[in-house]
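Please read this briefing with the sequence and the model side by side.

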Amino acid sequence: MHYRTLGRSGTVVSSYALGTMTFGAEATEESSYAILDSYFAAGGNFIDTADVYSKGVSEEIIGRWLAKRPEERDSAVVATKGRFPMGTSPNDVGTSRRRLTRALDDSLRRLGVEQIDLYQMHAWDPITPLEETLRFLEDSVSRGKIAYYGFSNFLGWQLTKAVHVASAHGWNPPVTLQPQYSLLVREIESEIVPAALDAGVGLLPWSPLGGGWLSGKYKKDQAPQGATRLGENPERGMEAWKARNDNPRTWAVIDAVEGIAAARGISPSQVALAWLADRPAVTSVILGARTTEQLADNLAAADVQLTPDETSRLTQASEPQAGVYPYGPLAQEQRSRRIEGGR
């Protein structure tokens, strides 16, 4: 396992984090414990969860595991999130001071800790003033309830605004941002990655295997079946079967991943994860696993160092399909400059 700082903070985390959205849903408490044990045995130290995962059950499972593992409890860096509905009333959702006060206390209780290492806003809240949210986070740092804060699913301008509002008030800045990012989903490179680099914010990519597409489990024009996410629900979320199957870029990316994996004698997942972990601004890649076998295969990516040629092949095959403006080649040229002059 390799280690990096959590954004510009001094806290050190493993380059692969353990995502726990499956805990209490697809993974029982017993299997969740086994996954956590395997992850820490491999050198991992960074757990990511959220209050909304199984309506708090994921946090509760992690809390009980930490209580039974004092050594891991001391070394674990625990991240959770708040923002999405945990009830049916208008104030059971969002990032208002009222909502977050209760959400943070509930997460602390479920996790059984006195301080959450990284508290993240799960998404932008268009109703709550940003100053209200940031002041709450600043107060929570001052009171010792959280060590750092970050965001998830923010756009580039939203991240930049938050950074500058915090700076204008002399408040602690965010240290991380969780976006969806993989060889199949690279659109964040246009605005979000540059914003993160500018602010010194570390990226924590979620869905690094594109919902399983980059693991090699799906085949072109063969509808998925059985105990896979798309086998159980072909229309599942952003990785729905039909749209991706019909896109030639999907299979060009998968072909490149599988070709490199076959030549190396490793799994497609390891190739895709190794490419992502080496991208600019990435601090830790969030792994989601149903089983210890899946986790072990994914963690083996830490030992994979792609060659420049392999990286280039993957990057070219997965190049986002940008329009002419503002992200096409000529538009990018307008924003570039050579130090020796000219274009």
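Buried means under 20% relative accessible area, exposed means over 50%, and partly exposed lies in between (1.4 Å probe, protein chains only). By that rule W157 is exposed, because its relative accessible area is 51%. The model is predicted: local features need pLDDT of at least 70, side-chain atom pairs count only at pLDDT 80 or more, and totals for chains, interfaces and linings use all residues. Residues are numbered from 1 along each chain as its sequence is written, and side-chain values use heavy atoms, with hydrogens and water left out. Helices (H or I, at least four residues) and strands (E, at least two) are DSSP runs, numbered from the N terminus.

- Strand β3 covers residues 16–19, and both of its faces are covered. Y16 and L18 on one side and A17 and G19 on the other are all buried.
- Two strands pair if DSSP finds at least two bridges between them. β3 pairs with strand β10 (residues 285–288) in the parallel sense, over 4 bridges.
- In this pairing L18 stands opposite L287 of β10.
- Strand β4 (residues 46–48) also runs parallel to β3, and 2 bridges join them. Here D48 in β4 is the bridge partner of G19.
- β3, helix α1 (residues 29–41) and β4 make a right-handed β-α-β unit. A crossover is right-handed if, with the strands pointing away from the viewer, the path from the first strand over the helix to the second runs clockwise.

**Nonpolar core**

- A nonpolar core is a set of buried Ala, Val, Leu, Ile, Met, Phe, Trp, Tyr and Cys residues joined through side-chain atoms within 4.5 Å.
- The largest nonpolar core has 95 residues. Y16, F46, Y119, L134, F151, L214 and L314 have the most contacts inside it.
- Which residues does F151 contact, leaving aside its neighbours within four places in sequence? Contact means heavy atoms within 4.5 Å, and the residues are Q120, M121, L134, L159, A162, P174, T176, L177 and Q178.

**Aromatic pairs**

- A pair of aromatic rings is described by the distance of the centres and the angle of the planes.
- Rings of Phe, Tyr and Trp (its six-membered ring) pair if their centres lie within 6.5 Å; planes under 30 degrees apart count as stacked, over 60 as edge-to-face and the rest as tilted.
- The structure holds 9 aromatic pairs. One of them joins W124 and F154 edge-to-face, at 5.4 Å centre to centre and with 75° between the planes.
- W124 lies in the loop between β6 (116–121) and α5 (130–142), and F154 in the loop between β7 (146–152) and α6 (156–169), so this pair ties together parts that are 30 residues apart in sequence. Both W124 and F154 are buried.
- W124 also pairs edge-to-face with W157, at 5.2 Å centre to centre and 65° between the planes. This pair links distant parts of the chain, as W157 is in helix α6, 33 residues apart from W124.
- Ring pairs join W124, Y149, F151, F154 and W157 into a cluster.

**Salt bridges**

- A salt bridge is a side-chain nitrogen of Lys or Arg within 4 Å of a carboxyl oxygen of Asp or Glu. By this rule the count is 16.
- R69 forms a salt bridge with D37, with the closest N and O atoms 3.0 Å apart. R69 lies in the loop between α2 and α3 (70–75) and D37 in helix α1, so the pair ties together parts that are 32 residues apart in sequence.
- D48 forms a salt bridge with K81, with the closest N and O atoms 2.8 Å apart. D48 is in strand β4 and K81 in strand β5 (residues 77–82), 33 residues apart. Both residues are buried.
- R99 and D51 meet in a salt bridge at 3.4 Å, N to O, and both are buried.
- R97, R135 and D139 are linked in a network of salt bridges.

**Backbone exceptions**

- Most residues other than glycine have a negative phi, and most peptide bonds are trans.
- S54 is not a glycine but has a positive phi of about 55°. S54 lies in the loop between β4 and α2 (57–68).
- K55, in the loop between β4 and α2, also has a positive phi of about 55°.
- The peptide bond from Y325 to P326 is cis, with omega near 10°. P326 is found in the loop between α13 (308–317) and α14 (329–334).
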